Amino acid sequence: MNFAKPEFLYLLWALPALALFFFWSVRNRRKRLEKLAGKSLAAKLSEEFSRGKSIMRILCLIGFFIFGILAASRPQWGTKLETVQRHGIDLIAALDASYSMAAEDIAPNRLEKAKGEIRKLINRSEGDRIGLVTFSGAAVIQCPLTLDHGAIELFLDTSGAGMLPEPGTSLASAIDAATNAFITKERKYKVLVLFTDGEDLEGDVDSAIRKAKESGVIIYTVGIGTSQGMPIPVRDSKGDIVEYRKSPDGKVVVSSLDERSLARIADQTGGRYFRSTTSENEIESLYDDISKLEKKNLESRLFQNFEDQFQYPLALAILFLAAASWISERRKPGATWLKKLNRLKK
């Protein structure tokens, strides 16, 4: 058996205290009556009440609470079959994890901004398969195409600037890795979104674009950064800036957004270029554009789910409550007179 809301079961721990309170209340009823009405009147009033019926009424109330809590916890057992079909596209997000993404011309820095935009894209892509490629001087498929969007976010959280052993920035490697991650026999349903500042220091990007286009991959690009640029900070273990990255000749490197290159890459494959903004409205526009593409049947399978069975404990809870309200704590009239007659005989 399974419970859909198991947190309600913790209320069962309060039942022993509730039961003790009820039984203490019955046991001390005579003393409370004596304090209120005096011993002689309390004795007469007590003859009208049945302790046994009071206990039965308490047990019914406890039963009502037990089964009421079980009903609120939504017990489930048994299974049912569901056919689930998803229609969408295959989408790969490529995250630039090079050192230049540590620049802070966009708060808190380019990398964190890019990760935030990828998360937003994942949330919008409910029916799509998504993969994650991370790149710098080389590219790796960090997570292959999957419908498990939670797994993508876990991999995304572990991504950091300079995480890959090969320094530099190679857009060609990112495009090649993503193209190889798609199903090669298909000529459509493929979208690659590059999240980068656009600086391309290595590789033949034109060759990678041609290969992607031949495979039917549409590339969208999202530019992270500003055209003015900013030095790239180097931080110590405490997170404090100790210096700025320098070129081999000792000059401080200023990294800036290369929008022209990113727009050219997107245009050559039928995609579009978007510049990152604080509002992140570009992700909405990007996905609106993607959603117009033809979709395929990504998944059709049977799920076995537990069925809710809360109605059974709920019915028992109602029966116990009805019984508690029906049981009277007063003795039967005949029982009271019989007790008085026995006293006279003695």
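Asp 308 is partly exposed, with a relative accessible area of 29% (buried means under 20%, exposed over 50%, partly exposed in between, using a 1.4 Å probe and protein chains only). Asp 308 forms a salt bridge with Arg 74, a salt bridge being a side-chain nitrogen of Lys or Arg within 4 Å of a carboxyl oxygen of Asp or Glu. The model is predicted: local features need pLDDT of at least 70, side-chain atom pairs count only at pLDDT 80 or more, and totals for chains, interfaces and linings use all residues. Residues are numbered from 1 along each chain as its sequence is written, and side-chain values use heavy atoms, with hydrogens and water left out.

**Arg 74 and Asp 308**
- The closest N and O atoms of this pair are 2.9 Å apart.
- Arg 74 sits in the loop between α4 (51–72) and β2 (75–88), and Asp 308 in strand β13 (residues 296–308), 234 residues apart; helices (H or I, at least four residues) and strands (E, at least two) are DSSP runs, numbered from the N terminus.
- Arg 74 is partly exposed, at 30% relative accessibility.

**Glu 104 and Arg 235**
- Glu 104 forms a salt bridge with Arg 235, with 2.1 Å between the closest N and O atoms.
- Glu 104 is partly exposed at 30% relative accessible area, and Arg 235 is partly exposed at 41%.

**Arg 272 and Asp 289**
- A salt bridge joins the side chains of Arg 272 and Asp 289 (3.6 Å, N to O).
- Arg 272 is partly exposed at 39%, whereas Asp 289 is buried at 19%.

**Whole structure**
- A search of the whole structure finds 16 salt bridges.
- Asp 90, Arg 129 and Lys 296 are linked in a network of salt bridges.
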